[in-house]
Amino acid sequence: MSFRLVLGSAFACAVAVALAAFVFDLRFERAAVLAPVIVVSVGALAALIVLWTRVAWESIRHRRHPWRIVAAGLAVFALLIVLSFFVGPLPHE
């Protein structure tokens with residue numbers, strides 16, 4: 001293994017732990033204890049994103065009008081984003 005690969009991997013792990021500590025409002029010491037869980041979770045999330053992106057790409061590639069499907073998907077996503085700004089605060093139970 002090269003030194004640059006190990007250094008880059010360590011940096012990515014440290015960033016993931018620091019980001020998790022910031023997002024979940026944890027002390028950095030607590031996040032450091034949870035570092036293996038955080039790193040495995042980030043890796044699993046990345047693997048799922050790569051898997052489903054590849055599945056979607058292969059599915060769209062074999063369609064008759066692939067860019068229409070992509071445009072429709074982006075339009076639905078944009079519609080959801082726009083509608084989310086118009087929804088007021090939800091009532092608490």
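Predicted model: local features only at pLDDT ≥ 70, side-chain atom pairs only at ≥ 80, totals over all residues.
Reader: Which elements have the highest and the lowest mean pLDDT?

Author: Helix 1, residues 3-23, has the highest, at 94. Helix 4 has the lowest, at 89.

Reader: What secondary structure does the chain have?

Author: Four helices and zero strands. Read from the N terminus, the order is α-α-α-α.

Reader: What does the radius of gyration say about the shape?

Author: For 93 residues, a compact globule would have a radius near 12 Å. This chain has 20 Å. Along the principal axes, the C-alpha atoms fill a box of roughly 50 × 45 × 20 Å.

Reader: How much of the chain is buried?

Author: A residue counts as buried when its relative accessible area is under 20%. Of the 93 residues here, 8% pass that test. The chain exposes about 8600 Å², and carbon and sulfur atoms supply 75% of that area.

Reader: Which residues make up the largest nonpolar core?

Author: A core is a set of buried nonpolar residues joined through their side chains. The largest one here has seven residues: Ala-16, Val-17, Ala-20, Ala-21, Ala-31, Ala-35 and Ile-38. Helix 1 gives the most, with four.

Reader: And on the outside, which residues form a nonpolar patch?

Author: Look for nonpolar side chains with over 30% relative accessible area that lie within 5 Å of one another. Phe-77, Leu-79, Ile-81, Val-82, Leu-83, Phe-85 and Phe-86 form such a patch on the surface. Together they have about 790 Å² of accessible area.

Reader: Next, charges. How many salt bridges does a search of the whole structure find?

Author: Side chains of opposite charge can pair when their charged atoms come close. The search finds two salt bridges. In one, Arg-27 pairs with Glu-29, and the closest N and O atoms are 3.8 Å apart. That falls within the 4 Å limit.

Reader: Are Arg-27 and Glu-29 buried or exposed?

Author: Arg-27 counts as exposed, at 61% relative accessibility. Glu-29 is also exposed, at 53%.

Reader: Where do Arg-61 and Glu-58 lie?

Author: Both are in helix 3, residues 35-61. They sit three residues apart, about one turn of the helix. Arg-61 is partly exposed, at 49%. Glu-58 is partly exposed as well, at 29%.

Reader: Last, backbone angles. What phi does Asp-25 have?

Author: Most residues other than glycine have a negative phi. Asp-25 has a positive phi of about 55 degrees, although it is not a glycine.

Reader: Where is Asp-25 found?

Author: Asp-25 is in the loop between helix 1 and helix 2, the latter being residues 28-33. With a relative accessible area of 70%, Asp-25 is exposed.

How values were computed:
Residues numbered from 1 in each chain as written. Heavy atoms only, no water. Patch = residues over 30% accessible without salt bridge, like charges linked within 9 Å, V, L, I, M, F, W, Y side chains within 5 Å. Areas by Shrake-Rupley, 256 points an atom, 1.4 Å probe, with all protein chains shown as cover. Salt bridge = Lys/Arg side-chain N within 4 Å of Asp/Glu carboxyl O. pLDDT = per-residue confidence, 0-100. Helix = DSSP H or I, 4+ residues; strand = E, 2+ residues; numbered from the N terminus. Buried < 20%, exposed > 50% of the residue type's maximum accessible area, 1.4 Å probe, protein only. Rg over C-alpha atoms; globule rule 2.2 N^0.38 Å. Core = buried A, V, L, I, M, F, W, Y, C linked by side-chain atoms within 4.5 Å.
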